[in-house]
Amino acid sequence: MSVADAAPAAHALLDRLRPHLVAAYALERLRLVADTFPGQAVFSTSFGLEDQIISHLIFTHDLPIAVFTLDTGRNFQETYSTWNKTLIRYQKPIAVYAPQREDLENLLLQKGPNSFYESVDNRKECCHIRKVEPLSRALAGRGAWVTGIRAEQSQNRQTMDPLEWDAAHNLVKIHPLFDWTWEQALAFVQREGIPVNPLHQQGFVSIGCAPCTRAIKPGEDFRAGRWWWEDLAAKECGLHATTHHDGPDPVVEPVPNHMSS
């Protein structure tokens with residue numbers, strides 16, 4: 001089915017689901033997604049705080065929502081450690097999508113390992129090979145994509161819809177923690193003993209690839225920690241481009257740096 005053919009039916013489905021999702025709690029939202037899209041719902045985790053909450057809900061309640069991650073090959077060791085702790089804690093599979101070998105090898109052969117520092121176009125090329133193309137494979141043929149986006153993470157996201165039609169991937173996109181506050185998320189993680197990436201406590205509010213992410217200073221915009229050598233307007237990688245969201249997104253959902261132990 002083409003995007004043009006799918007969109008009207010998708011919007012009708014969104015209109016039917018939206019009242020139920022808005023009134024529900026996060027776990028009920030995930031159950032509704034699983035029931036509405038049997039065998040067709042997936043969740044993408046980058047092992048950030050919000051993502052860890054959603055994985056916890058899916059795994060502990062045995063929800064039929066497949067969980068996957070994108071391994072760019074340039075992640076922080078702390079991210080890999082959080083990934084490993086998550087596998088040990090829940091004993092549940094997390095599918096892995098990596099860059100296409102030939103594309104990555106050609107990039108490294110032609111431009112070297114750090115070409116993304118040289119221009120925005122080079123950085124977007126690297127993002128496409130390491131993130132965007134693997135995500136397209138992960139979402140191919142799926143009906144629903146669950147994310148860890150929260151509205152209060154940025155001004156841009158406050159204009160988003162918690163339930164969207166993603167025309168780029170031809171599926172429904174759901175944000176079950178959309179209306180959660182930071183305090184709610186932190187309290188839930190602490191109460192449930194959920195593994196958390198230790199970089200959050202070091203000022204990293206957005207944790208993506210190690211060469212492209214740094215901690216932010218007090219008062220800085222959360223995007224200041226991603227691709228800091230670029231202008232703000234260029235800071236996007238293409239993972240969360242939708243018809244409703246006009247603004248850049250980091251790869252991993254941002255977490256405020258006032259996290260307490």
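What share of the contacts in the chain with a separation of 6 or more comes from residues 24 or more positions apart? Such residues account for 71% of those contacts, where contact means heavy atoms within 4.5 Å.

## Basis of the model

This is a predicted model, in which local features need pLDDT of at least 70 and side-chain atom pairs count only at pLDDT 80 or more, whereas totals for chains, interfaces and linings use all residues. Residues are numbered from 1 along each chain as its sequence is written, and side-chain values use heavy atoms, with hydrogens and water left out.

## Overall architecture

The chain contains seven helices and six strands, taken as DSSP runs numbered from the N terminus (helices being H or I with at least four residues, strands being E with at least two). Read from the N terminus, the order of these elements is α-α-β-α-β-α-β-α-α-β-β-β-α.

Of the 261 residues in the chain, 54% are buried; here buried means under 20% relative accessible area, exposed means over 50%, and partly exposed lies in between, with a 1.4 Å probe and protein chains only. The accessible surface of the chain is about 11600 Å², and carbon and sulfur atoms contribute 53% of that surface; these areas come from the Shrake-Rupley method with a 1.4 Å probe, and for residues only the protein chains shown count as cover.

## Salt bridges

The chain has nine salt bridges, a salt bridge being a side-chain nitrogen of Lys or Arg within 4 Å of a carboxyl oxygen of Asp or Glu. One of them joins the side chains of Asp15 and Arg18, with 3.3 Å from N to O. Because Asp15 and Arg18 are three residues apart in helix H1 (residues 3-23), about one helical turn separates them. Asp15 is exposed, at a relative accessible area of 53%, while Arg18 is partly exposed, at 23%.

Another salt bridge, with an N to O distance of 2.5 Å, brings together the side chains of Lys92 and Asp62. This pair links distant parts of the chain, 30 residues apart, since Lys92 belongs to the loop between helix H4 (77-90) and strand E3 (95-97) and Asp62 to the loop between helix H3 (49-60) and strand E2 (66-70). Lys92 is partly exposed at 28% relative accessibility, and Asp62 is exposed at 52%. A further salt bridge is formed by Arg123 and Glu230, whose closest N and O atoms are 2.9 Å apart. Arg123 lies in helix H6 (residues 120-139) and Glu230 in the segment after helix H7 (182-192), so this pair ties together parts that are 107 residues apart in sequence. Arg123 is buried, with a relative accessible area of 1%, and Glu230 is also buried, at 9%.

## The annotated cysteines

An unreviewed UniProt entry carries the annotation "binding site" for Cys126, Cys127, Cys209 and Cys212; UniProt positions are given in the numbering used here, feature names are shortened, and annotations may be inferred rather than shown by experiment.

Cys127 lies in helix H6 and is buried, with a relative accessible area of 4%. Cys209 is placed in the segment after H7 and is buried as well, at 5%. Apart from its neighbours within four places in sequence, Cys209 has contacts with Thr72, Arg74, Phe76, Lys131 and Arg226.

Two cavities of 30 Å³ or more are found in a search of the whole structure. On a 1 Å grid over the protein atoms alone, a cavity is a set of points where a 1.4 Å probe fits but cannot get out, and a pocket is an open set with protein on both sides within 12 Å along at least five of seven lines, while lining residues have an atom within 4 Å of a point. Grid points are joined across faces, edges and corners, and a volume is the space filled by probe spheres set on the points. The second largest cavity has a volume of about 70 Å³, and its lining consists of Arg74, Phe116, Cys126, Cys127, Arg130, Lys131, Cys209, Pro211, Cys212 and Trp227.

The largest pocket holds about 250 Å³ of space. Twelve residues line this pocket, and those closest to its centre are Tyr25, Ala26, Leu27, Trp180 and Gln184. Helix H2 (26-36) and H7 each provide at least two residues of the lining of the largest pocket.
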